[in-house]
Amino acid sequence: MHSAQPHPDTSVPLNLLEAVNQALRHAMEADENVVVLGEDIATNGGVFRATEGLKETFGFRRVMDTPLAENLIAGLAVGMASQGLKPVAEIQFMGFIYAALEQLISHAARLRNRTRGRLSCPLVIRAPFGGGIHAPEHHSESTEALFAHIPGLRVVIPSSPARAYGLLRAAIACPDPVLFLEPKRLYRLQRLPVELEDEPLPLDRCFTLRAGEDVSLISWGAMIHETLAAAEQLAAEDIKAEVIDVATLNPLDRDTLIATASKTGRVVIVHEAPHNGGFGAEIAATLASDALMHLLAPIERVTGYDCPMPYFAMEQHYMPSVERIVAAAKRTLEY
Amino acid sequence: MFTSTPYDMHHRLPDLPENTDWPRLVDGYRHMALIRTFDKKAVNLQRTGKLGTYASCLGAEAIATAGGMALHDGDYFVPYYRDHATQYLRGVPLYQILQYWGGDERGNAFPTDTPAARDLPNCVPIATQLTQAAGIATKAKLGHEQAAVLATCGDGATSRGDFHEALNVAGVWQLPLVVMVNNNQWAISVPRSLQTASDTIAQKAVAAGIEGFQVDGNDLPAMLETLDYALDKARHGKGATLIEAVSYRLSDHTTADDAGRYRKASDLHAAWQREPVARLRQTLADAGHWDAEQEKKWQADCQQQVDNAVETYLNQPPQAPTDMLDYLYAELPEALKAQRQHLLQQQPGGHHA
């Protein structure tokens with residue numbers, strides 16, 4: 001378990017977007033092989049400004065505006081990474097990442113394996129994901145489960161500025177390919193203390209954000225926000241919820257998940273993505289096999305509906321709410 | 001922006017100039033003859049169950065040999081999957097090429113003390129290697145390496161977005177990239193005429209703002225001249241080049257294919273009249289640089305080299321089943337340790353779960 005508590009005297013207040021920006025900046029300062037590329041990331045600093053100021057500091061050779069082709073961006077990154085650069089490529093929105101899938105599945109995730117370690121692919125693909133910001137069509141999806149299914153590709157999702165900084169530094173340093181999904185609803189939500197001097201965070205551990213004995217709430221990404229709010233509401237009714245931020249979907253820290261389920265016996269998994277085949281199913285299956293004797297109630301999943309992410313007029317009906325999480329937790333307690 | 005050299009493919013190669021580097025062409029001929037012997041053996045190994053599905057390079061010998069000869073040690077090679085001659089010339093031993101087609105990823109673990117050490121392995125998903133080659137070219141450019149990247153593909157690959165995306169960025173970024181298309185007239189069963197309405201593939205360079213050439217891919221001297229120019233240009237920061245090497249696939253697509261279903265016997269017969277190996281041999285013989293005695297000796301030598309490679313290939317120890325997990329990540333993640341243990345127990349001597 002890691003909780004990444006910042007030291008109040010050396011930490012700085014950053015929102016999640018600023019934390020991403022600082023992580024990129026510091027990684028580029030620390031290692032000249034780190035380059036960033038993507039659409040609108042250089043002069044414009046990225047459509048969300050995640051790469052703001054990098055071109056001014058590091059120059060256009062290390063901060064590259066690419067032609068508008070996501071498949072190209074991924075292929076460039078694979079080629080660069082195969083020869084020792086550490087490219088951090090931005091896909092502007094997750095809804096546009098599918099053109100890059102072939103490069104990620106057939107090449108990035110396999111290169112080390114299929115060359116028996118001769119070549120490797122230490123790239124990071126960053127993509128903002130998730131709904132809740134009234135964005136255009138195709139700008140709000142959460143399809144992380146597609147990627148978590150790919151052996152060899154790490155899938156990392158921060159849920160706070162501190163974890164965004166620490167996990168992105170770790171992802172860039174990591175010798176394996178990493179898909180780094182940024183919950184854009186949290187980008188500017190709040191400034192929180194971020195410790196910039198710490199060791200990078202581990203890429204294969206869940207974070208326990210709140211300890212409790214009565215029910216385990218398991219989530220990741222922007223939904224951590226609702227999940228923590230639900231835990232707070234439950235606490236008001238003297239129900240002690242444990243909140244786990246999965247954070248690294250692949251490889252999955254099954255031990256922490258099994259431990260919390262074994263402790264509380266009641267589990268609610270929360271994700272924004274659709275229910276059917278969502279990553280919650282993998283966690284539920286793990287707990288059903290490895291924590292079965294400790295479970296006191298059926299595992300609940302609070303998720304999006306099995307439909308495409310609705311255009312923004314209806315997105316509030318789609319997104320899991322605090323109320324749905326609280327109700328699910330109570331169902332497990334009343335079972 | 002693009003140039004077409006005569007490629008009407010007369011049976012004989014065009015006359016060569018006074019200053020022809022004959023020793024280089026003799027070397028080229030030796031390589032081409034060796035790889036043809038190798039190719040024939042590889043097909044036979046597949047037919048007798050000792051190799052998996054294999055993509056023959058019959059008819060592509062001049063193209064791939066020229067690639068291997070024109071590349072410098074500091075350059076990069078990004079192949080598709082009919083480039084055995086180039087891979088061999090970059091330092092991949094013949095047995096290892098067999099090992100790859102024998103279903104064993106160790107065939108991609110090229111020797112670390114050869115130029116091949118940095119090259120990408122065969123690329124099966126069509127054209128996807130081309131954007132990667134652009135990425136490698138970007139790396140070479142950023143590092144002021146004065147190195148060129150040679151990437152290959154077939155004519156079918158030119159229908160994919162990857163091909164155009166790679167050429168496009170190579171133009172915009174002035175990348176040290178040479179994309180060489182082996183236009184062998186076939187993408188499995190679909191002819192060149194159904195891939196594009198363009199008169200040539202080379203002219204697609206125009207849209208990308210780079211130089212393009214159409215060359216007789218059955219003419220080793222012409223291929224060498226074109227590649228020397230394009231790779232040298234790349235090394236000197238003068239930008240990217242598209243080369244359309246016109247040839248004819250004399251084999252099936254792979255050993256799993258039967259070209260008799262879609263290819264006219266008369267077309268194949270005509271193509272054999274201008275195949276690259278015999279044409280170069282004739283030119284060398286006519287100029288007094290090759291004779292029947294040398295041919296006999298070299299053919300025996302080729303056979304010996306290939307036989308040795310086959311023996312080495314067939315005597316490789318089996319992989320550990322755990323290799324399928326052990327090279328996936330830099331370090332085996334905790335999450336995979338139970339699966340690895342399970343694999344270990346599946347092995348002879350282990351306990352079945």
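Reader: What does the domain assignment of chain A give?
Author: Domain 1 (12–194) and domain 2 (207–334). Such bounds come from an automatic or database domain assignment. A word on the source: this is a predicted model, where local features need pLDDT of at least 70, side-chain atom pairs count only at pLDDT 80 or more, and totals for chains, interfaces and linings use all residues. Residues are numbered from 1 along each chain as its sequence is written, while chains are lettered from A and ligands numbered from 1 in the order in which they are written.

Reader: What separates the centres of domain 1 and domain 2 of chain A?
Author: 26 Å, taken over C-alpha atoms. The contact between them takes 26 residues from domain 1 of chain A and 21 residues from domain 2 of chain A. Contact here means that C-beta atoms, placed from the backbone, lie within 7 Å.

Reader: Which elements give two or more residues to the domain 1 side?
Author: In chain A, they are α6 (144–148), β6 (154–156), α7 (161–173) and β7 (178–183). Helices (H or I, at least four residues) and strands (E, at least two) are DSSP runs, numbered from the N terminus.

Reader: OK, the sheet. What is the strand order in chain A?
Author: Seven strands form an open sheet, β3-β2-β4-β5-β7-β6-β12, with mixed pairing. Strands pair if DSSP finds at least two bridges between them.

Reader: Why is one side of β3 and of β12 left without a neighbour in the sheet?
Author: β3 (63–65) and β12 (248–250) of chain A stand at the edges, so each has a single partner strand.

Reader: And how do β6(A) and β12(A) run?
Author: Antiparallel, joined by two bridges. In one of these strands, β12(A), A:Thr248 is the bridge partner of A:Val156.

Reader: Switching to chain B. Where does B:Arg106 lie?
Author: In the loop between α4 (94–101) and α5 (128–142) of chain B.

Reader: Why is B:Arg106 called partly exposed?
Author: Because 16 other C-beta atoms lie within 10 Å of B:Arg106. Buried means 20 or more, exposed means 12 or fewer, and partly exposed is in between, with C-beta atoms placed from the backbone.

Reader: What is B:Arg106 in contact with?
Author: Leaving aside neighbours within four places in sequence, A:Arg116, B:Gln99 and B:Gln319. The C-alpha atoms of B:Arg106 and B:Gln96 are separated by 7.6 Å, and these residues are ten apart along the chain.

Definitions and conventions. Contact = placed C-beta atoms within 7 Å.
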